[in-house]
Amino acid sequence: VIIFFTSIAQAEVPPPGRRDSARHLIIQLNNNYNLLDKELDKLDDDIRNFPKTTLNISAVNKMLNGDMELVSIEVQDNAKLIGSHIYSAIENEALAEGARHEVYEGEVREGKHVLKITYFWREENNTPQKGETYVTFSISRGMTYFIELFLKKNGDKAALDSSQFEFSGR
């Protein structure tokens, strides 16, 4: 009986080398778990506390006569492409009648934004001409921003102008 209990007691105690490696693994797993738990808590706080902050960019036609039309438009936000479109004759007719084309709508982060807008336009059936404009603005958390883009006659050329509106979503 004494031999039996002695062998059981020795079987339950791991050898010295194994005891240190098992302890080391447990400590490492615990540290990894704590780090992962902190990161998940931060992500959860960011998601729960992030108010809806949106940007809506639309093309409209504010000209009284419809002799100029958009051929295409490309919008980049801080050098990242966010929207583009090639306009058909039917879409230009709709814009001339007061329609609005949504180029982009989505969530945005707060801070300074620089929109680079590259566009092609034409007058009647002439060849398309290229233009480029920049719109700079700052975004605050919890706001909804609307930017309307429209062609504006500038001598014998056209410039793409913009109107900005913002509404509090808080």
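Predicted model: local features only at pLDDT ≥ 70, side-chain atom pairs only at ≥ 80, totals over all residues.
What share of the 170 residues in the protein is buried? Buried residues make up 31% of them, where buried is taken as under 20% relative accessible area, exposed as over 50% and partly exposed as in between, with a 1.4 Å probe and protein chains only.

Residues are numbered from 1 along each chain as its sequence is written, and side-chain values use heavy atoms, with hydrogens and water left out.

Along the sequence they come in the order α-α-β-β-β-α-β-β-β-β-β. If we take contacts (heavy atoms within 4.5 Å) between residues at least 6 apart in sequence, 63% of those join residues at least 24 apart. The exposed surface comes to about 11,900 Å², of which carbon and sulfur atoms supply 53%, by the Shrake-Rupley method with a 1.4 Å probe.

Now to the loop between strand E2 (68-77) and strand E3 (80-86), where Asn78 sits. Most residues other than glycine have a negative phi. Asn78, although not a glycine, has a positive phi of about 50°, and with 43% relative accessibility Asn78 counts as partly exposed. Ala79 lies in the loop between E2 and E3 as well; Ala79 is not a glycine either, yet has a positive phi of about 70°, and Ala79 is exposed, at a relative accessible area of 71%.

Definitions and conventions: Helix = DSSP H or I, 4+ residues; strand = E, 2+ residues; numbered from the N terminus.
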